[in-house]
Amino acid sequence: MSRLLMMCAQYSNCPKGYTSCLPHSFSLPLTSNEHLFCSVVLIDHGSVTVSSRSRKIRQTPFLCIMCDSFVDCPPLGLESMRVHDSQIRASSTLRTGLGPHRGRLNIQSGIEDGDMYDGAWCARHEDKNQWLEVDAVHLTKFTGVILQGRNSIWSWDMVETYKVQLSNDSYKWQTCMNGTQEAIFQGNLNTETPVLALLPVPTVARYIRINPQTWYSNGTICLRAEILGCRVKDPTDIYASEEDRVSNDNLDFRHHNYKDMRTLMKSVNDECPNITRIYTIGRSYMGLKLYVMEISDNPGKHELGEPEFRYVAGMHGNEVLGRELVLNLMQYLCQQFKEGNERIVRLITETRIHLLPSMNPDGYEVAYEKGSELAGWADGRFSYEGIDLNHNFPDLNNIMWNAQEKALEKSQDTSKVPNHYIPMPEYYTNEDAMVAPVTRAVINWMEEIPFVLSANLHGGELVVTYPYDCTRDWAPKEDTPTADNAFFRWLATVYASTNLVMSNPDRRICHYEDFQRHNNIINGGAWHTVPGSMNDFSYLHTNCFEVTVELSCDKFPHASELPVEWENNKESLLVYMEQVHRGIKGVIRDKQTKKGIADAIIKVDDHEHDIRSAEGGDYWRLLNPGEYKIIVWAVGYFPSMRRCTVGMEPRATICDITLTKTPAEVLKQIRARGGKVPQDVQLRVRALRLKKLRASTKVLNQRRESQRLSRHSSKARAAARKA
């Protein structure tokens, strides 16, 4: 607890609410996470004098002072797009694509300079009279400015120092003071690292200007910015009723580091022990566990015929909104199940749900350490070893496409080329393969559970992408559809059309791509090629269909925006999970023993993508409404065919199939004629590669654990010597 003694001159004409200025000395207690500031509001007349042990503010016209304790104010929302383009003005503009609407923190430019979507606001003139102005609409206690240079692969432009000016009417301006002199704030030393400058005295006004004073000598005046400020109650504000939309759900809306995340997950498990289970699938390079929350009416067990669903968040550690949404989702499902919400009860009763909030905990901790506005565009994106996890899965696309091309060259039937359950390449299973521990853990997880549907939650854009992510022939971008393109488009549309921001026709683009032209969905390869993506691997190596959801323009939204983001995504998260019950499902059984047959191949006629039955013989094939011819085959059995119809109802059609074993006599006859008995070689190779991957992973994990213990022991010895 600290105390700060302040003197404040009384001024009777200060606005209502600014009455803390007393004609005598007084002191205020402060908690450890607060700072005492004098807030300054601009008025038309009068003057006051304020002094303290740590600073002096000279007698200044047009100021009223309110001394109060101050907790960090949130961003106005330039990065998150809460600030509309019409609220941003500038003294001049180099060209349209470098207009004031582009002066938003972390905004990204296209590859080509000179288009409509460049990476900053840039002034036409290089002098000290240039400014970027933001209208907060309401009276706001401004506390700080965050600055970046221009995002460009061709240019190097940034502001090195600047002044801040404030106004209530955008005509009369007061320069921010530092004691008796105009404050000069430090800008950028490079173009990408955000730099925070706190105002010496938080000041109440409506308008704020950033006034560059010096800039990079070989560049020009360009900047991207975010403004920090708290809205002030103003009885004269005609827009006062326009408060920010908040959530009515009683959820923990804040950012959770590793420790906080574990605590929250345990609290959900304690609150709903009958429908939740926490388990781990592995560790990160730094030893942080990958925690998963299972939500089911029978947790810990796969129930015959019940589909498995997963959400994965935090693949890129600095894209944190997905992490918080998944944590919110597990709280919400628990609460609503207890309250008897019929929709949630049905979902949990009929689905086994798995929620992985942080696939890249090492990266997240890096971003969390810097904070929501200061992590920049890439800090924490990669794993500890510097790996982009969305390029770290085996590239099975090109293995399949190359096999198809070889078949064509030999005039062979390409339908005989495996289109599912494709084994990972052998090099990928080696100890020295550049495969992150978390990637290995997720692959093993995919193998252990027969997932049907998944979504990979990212950030930095507003769009839903669907496979394939990798293009043929290494084209930079090219529409590359799967055999299930129609259903993938349906999945993407389900999420995008129910997301409150994506479905808003008046929203502006995040950076330089207008995804609204595509109804906020796009084929991954048509956006940009991503070899080794988790989506493509999931589709080609397992039965699971997966899309990527880019949740927001802002990769690391401020905690104050989390309630709104939850409301934006809540319905989308729920309705997407419900799609796991579309198509057909059933059990493949032995006609004689009635036992389920594992690894039976389920082929849909005219669809060049097959799936396999799970260990108990159950299967799920996601399909759009229509009539389908289903052919099932398994080693040692005669093939079987059945027609199944998928209706418009949001529930799967039951399509059980029985197989008859091939008699031993028939097999003998085939061998006698010199024929070959069909064997599932692909399945055997796949299992062998997985076994080798698990073995190499075990060796690497033991090696890292030994190194970690050694480092810990060394630190302990060093601490003991100092003591």
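Good morning. The model is predicted, and for that reason local features need pLDDT of at least 70, side-chain atom pairs count only at pLDDT 80 or more, and totals for chains, interfaces and linings use all residues. Residues are numbered from 1 along each chain as its sequence is written, and side-chain values use heavy atoms, with hydrogens and water left out.

I begin with the chain as a whole. It contains 12 helices and 30 strands; these are DSSP runs numbered from the N terminus, with helices being H or I of at least four residues and strands being E of at least two. Of the 723 residues, 56% are buried. Buried means under 20% relative accessible area, exposed means over 50%, and partly exposed lies in between, with a 1.4 Å probe and protein chains only. The accessible surface is about 32300 Å², and carbon and sulfur atoms hold 51% of that surface; the areas come from the Shrake-Rupley method with a 1.4 Å probe, and for residues only the protein chains shown count as cover. Among contacts (heavy atoms within 4.5 Å) with a separation of 6 or more, 75% join residues 24 or more positions apart.

I turn now to charged pairs. Side chains of opposite charge can pair when their charged atoms come close. The structure holds 32 salt bridges, each defined as a side-chain nitrogen of Lys or Arg within 4 Å of a carboxyl oxygen of Asp or Glu.

Consider Arg89 and Glu133, whose side chains form a salt bridge at 3.0 Å, N to O. Arg89 is in strand 5 (residues 88-90) and Glu133 is in strand 7 (residues 132-148), so this pair ties together parts 44 residues apart in sequence. Arg89 is partly exposed, at 40% relative accessibility, whereas Glu133 is buried, at 2%.

The next pair is Arg686 and Glu447, with their closest N and O atoms 3.2 Å apart in a salt bridge. This pair links distant parts of the chain, 239 residues apart: Arg686 belongs to helix 12 (residues 681-722) and Glu447 to helix 6 (residues 437-448). Arg686 is buried at 8% relative accessibility, and Glu447 is buried at 18%.

What separates Lys570 and Glu567 in helix 10? The two are 3 residues apart in that helix (residues 562-578), which means a separation of about one helical turn.

Thank you.
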